Amino acid sequence: MVYDLEQENKEILARYKDLISNTYRTLDEDQNKVIRKAFDIALDAHKDQRRKTGEPYIYHPIEVAKIVANEVGLGATSIACALLHDVIEDSDYTYEDLKKMFGKTIADIVNGLTKISVMNHQNISIQSENYRKLLLTLSEDFRVILIKIADRLHNMRTLESMTPDKQKKIASETVYIYAPLAHRLGLYNIKSELEDLSLKFNNPEVYIDISERLELAKESREKYVEEFKKEVSEQLDEEGLNFTIKGRAKAISSIFRKMLKQGVTFDEVFDNYAIRIIYKSDAKNEKFLAWKIYSIVTDLYHSNPQRMRDWISQPRSTGYESLHLTVLGPDKKWIEVQIRSERMDDIAEKGVAAHYKYKEGFRQSSDEKNFETWVTEIREVLENQQSLTTTELLDNIKLNLYSKEVFVFTPKGEIKILPIGSTALDFAFSVHSDLGTKCLGAKVNGKLVPISYILQNGDQIDILSSQNQKPKADWLDFVVTSKAKSKIKAILNSENNHLVEEGKEILQRKIRHAKLNFNDEEINKMQKFFNLKTSQELFLSFQNGNLDTGDIKRYTEGKGIFGNILNRFRKSPNKNEIFVETPETNLDMIVFGKDEEKMNYSFAKCCTVIPGDKIFGFITISDGIKVHHDSCPNAINLRAQYDYRVLPAKWVNEESFKNRIKFEIEGLDRMGMINDITAVISNSMIMDMKSMSIESNNGIFLGTITLEVKNKSQLEETFKQLKNINGVSRVKRL
């Protein structure tokens, strides 16, 4: 391709000027010199590189630096690091070079941002290892994570140039790890945009549908906000308050989550936009003015007390402060109103990065302390990482990223913030790991409760402990915090390893007496004979006495010609096994990969697919290729963690397909309703109904129906006709 280099150089300079247009007003001369120097080095390092779009690569670090400066609100050091974030990876500049030019702090942050080299760990996803390293950097300097999130945001904004498969992989990875991190760091706008862009590439039909509906409703929304403004502003002006009122649509991904969670359509999501009142205040009157505005709004409109949220008296652990109330607005429809000061709004927009702007004069704040506590907890989990698989590590940390919170008190009145659903045992671990491991029970508000007691807002907890207490495996069934889970697992694994070694020694002695060889081959044969999954289970069975000398004798007898047959008869049936019917598969119906190859496959049990559905293949470790629906509940995790095992898949021969799908139907009950439903399915659509269960309660019916379906168009037509039945309000595929 031919590039207009002169025009590109003008564009690079224009983008850089746009970046520094704000910094010159807020930073001093030395700080601006550091940014200019970083730009010059980045320009030199990337001079011969281009992005997938064909644009000069330098556009990317400039745009990341803009996000860091304007949307995250970081200072000169971080802006310089954003400009330099790919320099070590993509050029001849080294860590030592940057250290000499910019000092240790900038060199360390850029080093932390350098793309993580591929690691080959057996049975561990390469991508999961990258996440592990990403989280490790959080315990060193949180600016690394903030700049990494800015880098990901710009990549998501320019994802159009990638292939569809790459788009889905990056979008899944973003919603799996980066959006929760942005949320936890208080970057709500960035978190929402990351989730929206992920939805755009993972589920484009839904994204387009909701965004078009929001656009159609924009005019009426703006009209509504103006009416609200007019009524409220008169009252606020009388009180001499300095304020702004603005309306905003909820994030597309947030609306979609509500639709799924509540099983409703877009039109039934009543709070798909909110009104925000932002007021100016000094530190002394900040809280007082929030409640004054609250009083004025609730005098004008009826409020819903069940939807009142006070995050000013007790901020979230992210530092978020705001009053949320839901009122019957001018048109007698429920609308969410958020009341916050300019400082609170800045922290809500820019998260942890904004805290440091308000250290002087304002409450030094529980919000910053809470964030530091969270980072400390992450550090503690990472210190025990050797005992966890990478997936367990990610699950433990992600567990606390999105969770809602409960506020409780120590015996001395100190506030502790824990994820909702936390138990007395989680509280004990949050105070100190040793207290958690020795926890016997607790007194909550003076009353004795078990360690599994679920904490409620306002509880005061006193932990009872004993030196003789040890963690038990069933503790993992009810703790929810990552700190508690990782500590319990680490101790149990340590004890388990000791027992395994004991069992191994016992088995060695017994094998020697039976005149057998103690080697891997013999151990594998023995493990299969006793129907055990691992050699560890075999050693533990001899340690705890489940297997003994008599079983060794049985094994030696079973090694003869008829050993395998005898073993089958000895194998006891698993009572917990549930039979799941899988559809008959015609291996010519689906092809895989770019070359559209025919391969052996089966359908995954976590989702149902029918011809016409968007699908992909996933290479399992022991069960071949499994075909999943594109919107399968596990699709995000599979693409995010194991993208190298995901195969594009395509329908080619649908005629002989039959599969069972389940759907829910709801509406107003009446005489003849069941007859009308069965008439559509059996007579109009000529489909085979395999099961039907309908319950009626106070005039509302809810039914679950299983059908044998040939393709997507047949199912869509069936749903369309069912929705046209008088009284049916909702039909939803499960």
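Predicted model: local features only at pLDDT ≥ 70, side-chain atom pairs only at ≥ 80, totals over all residues.
Residues are numbered from 1 along each chain as its sequence is written, and side-chain values use heavy atoms, with hydrogens and water left out.

**Entry: the whole chain.** I find 29 helices and 19 strands, which are DSSP runs numbered from the N terminus (helices H or I, at least four residues; strands E, at least two). Of the 734 residues, 47% count as buried. Among contacts (heavy atoms within 4.5 Å) between residues at least 6 apart in sequence, 66% join residues at least 24 apart.

Entry: The structure holds 34 salt bridges, and one of them joins the side chains of E342 and K280 at 3.1 Å, N to O. This pair links distant parts of the chain, since E342 belongs to helix 16 (residues 342-350) and K280 to the loop between strand 2 (273-279) and helix 15 (286-300), 62 residues apart. I read E342 as partly exposed at 40% relative accessible area, and K280 as partly exposed at 43%.

I then looked at K650, which forms a salt bridge with E596, their closest N and O atoms being 3.0 Å apart. K650 lies in strand 15 (residues 646-651) and E596 in the loop between strand 11 (590-592) and strand 12, so the pair ties together parts that are 54 residues apart in sequence. I also note a network of salt bridges that links E11, R15, D18, E63 and K66.

Entry: I followed an open sheet in the order 9-8-10, with antiparallel pairing, where two strands pair if DSSP finds at least two bridges between them. Its edge strands are strand 9 (447-449) and strand 10 (461-465), each pairing on one side only. Strand 8 (residues 439-444) and strand 10 are joined by five bridges, and K443 stands opposite D462 in strand 10.

**Entry: strand 16.** I find strand 16 (residues 659-668) joined to strand 18 (residues 700-709) by 10 bridges, the two running antiparallel, with L668 opposite I700 in strand 18. Strand 16 is also joined to strand 19 (residues 728-733) by five bridges, again antiparallel, and there E664 stands opposite K732.

**Entry: covered residues.** Which residues of helix 4 are buried? I list A76, S78, I79, A80, C81, A82, L83 and L84, so that eight of the nine residues of helix 4 (residues 76-84) are buried. F603, in strand 12 (residues 601-603), is buried as well, with a relative accessible area of 5%. I find F603 and I625 to be 22 residues apart in sequence and 8.3 Å apart in space, C-alpha to C-alpha.

Definitions and conventions
Buried < 20%, exposed > 50% of the residue type's maximum accessible area, 1.4 Å probe, protein only. Salt bridge = Lys/Arg side-chain N within 4 Å of Asp/Glu carboxyl O.
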